[in-house]
Amino acid sequence: MRHDTPAKDGTHDSTTLFNILHNKQKMKRLNLLAFLMTAVLALMSCSDTETYAERKEKERNAINRYITNQKIKVISESQFKEQGNTTKVADNEFVLFDNTGVYMQIIREGCGEKIEDDGQSVTVLCRFNEYNISESDTTLQLTNISRYTWQVEKMTVKNTSGTFEGSFVSGESLMESMYSTTAVPDGWLVPLRYIKVGRPANADEEVAKVKLIVPHSQGQSNAAQSVYPCVYELTYQRGL
């Protein structure tokens, strides 16, 4: 029996070639689409990530906003010195320390004596309000005045040739519990050169009280990492 052989007219081969070329074009389009989506996502990611310089500028704007809103009169270190290392609270004066960027207002100088320049450790007790002013002037972030009143902040401080160092006492510090470090923010140490740290002996004596605007570089660990400024209302009293 004779079987007829199909004619080799190339129809099957041309169809296969067309499908291959069509699939290649589809793959190219899909690869291009994937590339474009990746590029868009990368650009979106870059735009959402602030640089350190941008964060510092945002911090500076927040400090300037606070100074304007609170009608603060900023004075220089030279004027502060001419005034006997005092700030006029009635005029809402704050002295700006150029080397640190810390602003300070001394509300009360305090009683007793200043911490001596002898390198000996002194126990200092503090009460404080900490405000994160990155977005608002009144965002109370941490306090042992209206909350956690049972926890008086306890730190050890020493003055060596005019340079102050401090450490929170572990287990006796709200700051240490919150920020997981015993390192005292450098901003907290700035007033110690100018205030007396004693214990009131009678009703007429009061502990030292200051107000500070502290940039991230002089602040607690979270502020330093996230780059935001804090305002502190602080009292200082010598411990036993």
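A search of the whole predicted model finds 6 aromatic pairs.

**Aromatic pairs at Y194**

- F80 and Y194 pair edge-to-face, with 5.2 Å centre to centre and 80 degrees between the planes.
- F80 sits in helix α3 (residues 77–82) and Y194 in the loop between α5 and β8 (208–214), so this pair ties together parts that are 114 residues apart in sequence.
- F80 and Y194 are both buried.
- Y194 also pairs with F97, and this pair is stacked: 5.7 Å centre to centre, 20 degrees between the planes.
- The F97 pair also links distant parts of the chain, with F97 in strand β2 (residues 93–97) and Y194 in the loop between α5 and β8, 97 residues apart.
- F97 is buried, as is Y194.

**Aromatic cluster**

- F128, F168, W188 and Y232 make up one aromatic cluster.

- T143 belongs to strand β5 (residues 140–143).
- The relative accessible area of T143 is 0%, so T143 counts as buried, the cut-off being under 20%.
- Its side chain makes a polar contact with the side chain of N129 at 2.5 Å.
- The T143 side chain also reaches the backbone nitrogen of S146, at 3.4 Å.

- Y148 lies in the loop between β5 and β6 (153–160).
- Y148 is partly exposed, at a relative accessible area of 39%.
- S180 is another non-glycine residue with positive phi, near 60 degrees.
- S180 is in the loop between α4 (174–179) and α5 (186–189).
- With a relative accessible area of 63%, over the 50% cut-off, S180 is exposed.

**Cysteines**

- The disulfide count is 0, where a disulfide needs a pair of cysteine sulfur atoms within 2.5 Å.
- C111 is buried, with a relative accessible area of 7%.
- C126 is buried too, with a relative accessible area of 1%.

Terms used:
Residues are numbered from 1 along each chain as its sequence is written. This is a predicted model: local features need pLDDT of at least 70, side-chain atom pairs count only at pLDDT 80 or more; totals for chains, interfaces and linings use all residues. Side-chain values use heavy atoms; hydrogens and water are left out. Helices (H or I, at least four residues) and strands (E, at least two) are DSSP runs, numbered from the N terminus. Buried means under 20% relative accessible area, exposed over 50%, partly exposed in between (1.4 Å probe, protein chains only). A polar contact is a pair of N or O atoms within 3.5 Å; within protein, one must be able to donate a hydrogen and the other to accept it, and residues adjacent in sequence count only if both atoms are side-chain atoms. Rings of Phe, Tyr and Trp (its six-membered ring) pair if their centres lie within 6.5 Å; planes under 30 degrees apart count as stacked, over 60 as edge-to-face and the rest as tilted.
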